[in-house]
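Biologist: I am new to this one, and I would like to know what the names and labels rest on. Could you walk me through it?

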Amino acid sequence: MTSVSAVVLLLLFVVFLVAVRSNGVAPRHVYLDKGWTITYKGEKTEVESLVNYTFPKRLRSGDSLILEGEISANLLSHSVFRFRTVHSAVEVFENGESVYEYGKNRVFPGCGYHYVHLNHGDHQKLKVVLVEKIDKRKITFSKYELLPEEYATSDYSSRHIFALVIGIFLVLFGVLAVLIGTVMRIYGVNYFRLLMIGLLSFTFGTWTMCYTKLIQVVSYNLTLNTTLEYICLYFAPIPFTLLLWNMHQTRLNHSKTQVMKFLVIYEVAYLVVASILHFTGLLFYPKMLAFFHVVVIAGLAYFVYSGILYNKKMDESGKILSRGVLFFVVMVVADLLRFNFARYLAVDNSLLESSWIPLGTLGFVLSLVQSYVVYLVYILEDRAEKGALATMAYLDALTGLYNRAKCQQIFEILDKSFGDYAFVSIDMNSLKEVNDRYGHNEGDRFIKAFAEVFKEAFKGVGTTIRVGGDEFLAIVRSEHVADVKNAVKKMMELQKASSVNLPVPLEVAYGIAFKHEFLEYSFSVAEEQRIDAEKVYHLADERMYAMKSSMKSKSARKE
């Protein structure tokens with residue numbers, strides 16, 4: 001039922017997104033693809049189709065391209081002229097008058113969409129002047145289009161609604177994962193893997209918003225948006241590599257460990273050096289992209305070849321995580337092919353227009369969530385098992401009371417702490433008689449009967465321990481020292497009531513000793529630290545044996 005509900009909710013959410021998209025997309029678009037003239041250094045070229053056109057010459061920084069065309073009268077009333085530029089400053093003229101300008105004084109204008117509100121008249125003449133800011137190998141053009149003014153804001157984000165939702169989800173999930181991982185790390189819990197997952201999710205969520213230009217909903221600074229896009233892209237391999245390293249660190253041999261260290265150092269150095277070159281204007285981020293692609297593909301090839309991406313000896317959590325990583329890697333490779341195919345062949349296709357990495361990252365993150373559920377269940381089960389084993393190690397098998405090992409542990413704690421405490425040393429009478437006359441099974445029942453009495457009498461007052469054989473000890477902390485005598489009194493009453501079904505009445509000798517008995521009236525901290533638990537226990541034991549001797553003497557006199 002849960003899986004069915006999840007599927008239904010997912011379908012409803014998809015339907016909701018489709019409905020939002022259909023209402024936000026402009027009902028009519030006019031593509032200005034035909035009839036353009038491109039002028040470069042005084043040489044004019046008539047272009048049959050602008051979208052499928054690749055400018056044949058290389059442009060240097062500062063070179064200009066002038067695109068001129070006409071719009072028929074009343075083609076779209078109250079229209080907005082939308083187009084995208086890549087690292088170019090732009091100025092738009094309508095009937096010879098400048099109506100829009102962007103990036104003229106920017107060294108790195110960035111990439112993004114421009115929205116130009118046009119006046120409306122007969123046979124408008126448009127002129128778009130592009131000033132190249134970065135040396136490029138090939139120049140291609142995006143769609144130049146008109147759309148109704150009221151849809152200028154919603155149209156683009158609605159068309160990319162799924163990428164928008166994926167980007168927002170990845171950012172929010174990344175922030176949450178980083179916060180949880182950081183807090184857990186502060187408290188000494190190793191959540192490094194979750195921290196890396198969060199960084200990767202946040203990085204690609206932000207990158208998705210920047211790459212698809214959906215970030216323009218909140219920021220029209222194309223320089224900042226594009227710079228952030230490249231920073232995220234160049235940063236992403238760092239948490240990705242660290243994540244893989246963390247997954248396999250116990251299985252990597254020395255040579256593979258050294259390679260992983262080298263990759264992390266190289267990736268950090270690449271980001272730092274690329275950023276320095278970009279911000280000093282020596283070499284902008286886009287010029288380093290081709291080399292980045294080569295390095296990423298080489299790194300992924302190594303991960304596949306070395307078996308780091310998948311290992312048959314992994315636990316179920318690791319296998320799920322590896323499948324997510326492999327899905328992510330496939331989508332990254334496919335997106336690299338998509339990017340270069342669309343860029344160098346200038347193919348205009350809606351499928352090739354949007355990056356596939358957001359989908360890959362979403363699948364990756366969802367697999368990480370599943371992996372972490374399995375991982376946390378495994379950790380909780382492992383801790384519960386270890387806790388149960390640790391508890392069993394400190395329990396007496398016959399009575400269920402704590403044993404001598406636990407007693408020694410408490411002694412060590414008492415020696416390091418301050419404050420009063422009391423010991424009640426107890427020795428059972430007549431156990432040897434019961435064993436000799438009725439057998440050891442009856443002797444065990446005799447011990448268990450007293451253990452129940454002992455535990456009940458000191459419940460909420462002290463820790464009950466079976467030291468061994470017929471010897472028992474109650475350790476009472478400072479806050480209950482005043483209750484010791486009442487607990488002993490209750491023990492004596494309970495043992496009388498429990499003797500009804502036993503072959504021999506329960507009877508014990510006990511001795512009580514307090515830490516404060518070893519302290520002078522005016523004592524120092526140093527003096528208190530010299531009082532160890534063994535001394536107090538020895539005094540309680542002496543008093544117990546003294547009581548036992550007295551009980552034997554009384555018994556002898558009666559005989």
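**The sheet and a helix pair**

Modeller: Gladly! Six strands form an open sheet in the order E3-E2-E5-E10-E7-E8, with antiparallel pairing. This is a predicted model, where local features need pLDDT of at least 70 and side-chain atom pairs count only at pLDDT 80 or more, while totals for chains, interfaces and linings use all residues. Residues are numbered from 1 along each chain as its sequence is written, and side-chain values use heavy atoms, leaving out hydrogens and water.

Biologist: What makes E3 and E8 the edge strands?

Modeller: Strand E3 (43-47) and strand E8 (97-102) each pair on one side only.

Biologist: How do you know that E7 and E8 pair?

Modeller: Two strands pair if DSSP finds at least two bridges between them. Five bridges join E7 (residues 88-94) to E8, so the two strands pair. One example is valine 92, whose bridge partner in E8 is tyrosine 100.

Biologist: And why is H6 called roughly parallel to H8?

Modeller: Helix H6 (residues 237-248) packs against helix H8 (residues 289-306) at an angle of about 10°, with the axes 13 Å apart. Angles under 35 degrees count as roughly parallel, so H6 is roughly parallel to H8.

Biologist: Which residues meet there?

Modeller: From H6, Pro237, Phe240, Thr241 and Leu244 meet Phe292, Leu300 and Phe303 of H8, where contact means heavy atoms within 4.5 Å. By class, this contact has six nonpolar, one polar and no charged residues.

How values were computed. Axes fitted to C-alpha atoms, helices over the stretch in contact; angles between N-to-C directions. Helix = DSSP H or I, 4+ residues; strand = E, 2+ residues; numbered from the N terminus. Parallel < 35°, antiparallel > 145°, perpendicular 65-115°, else oblique. Nonpolar A, V, L, I, M, F, W, Y, C, P; charged D, E, K, R; others polar.
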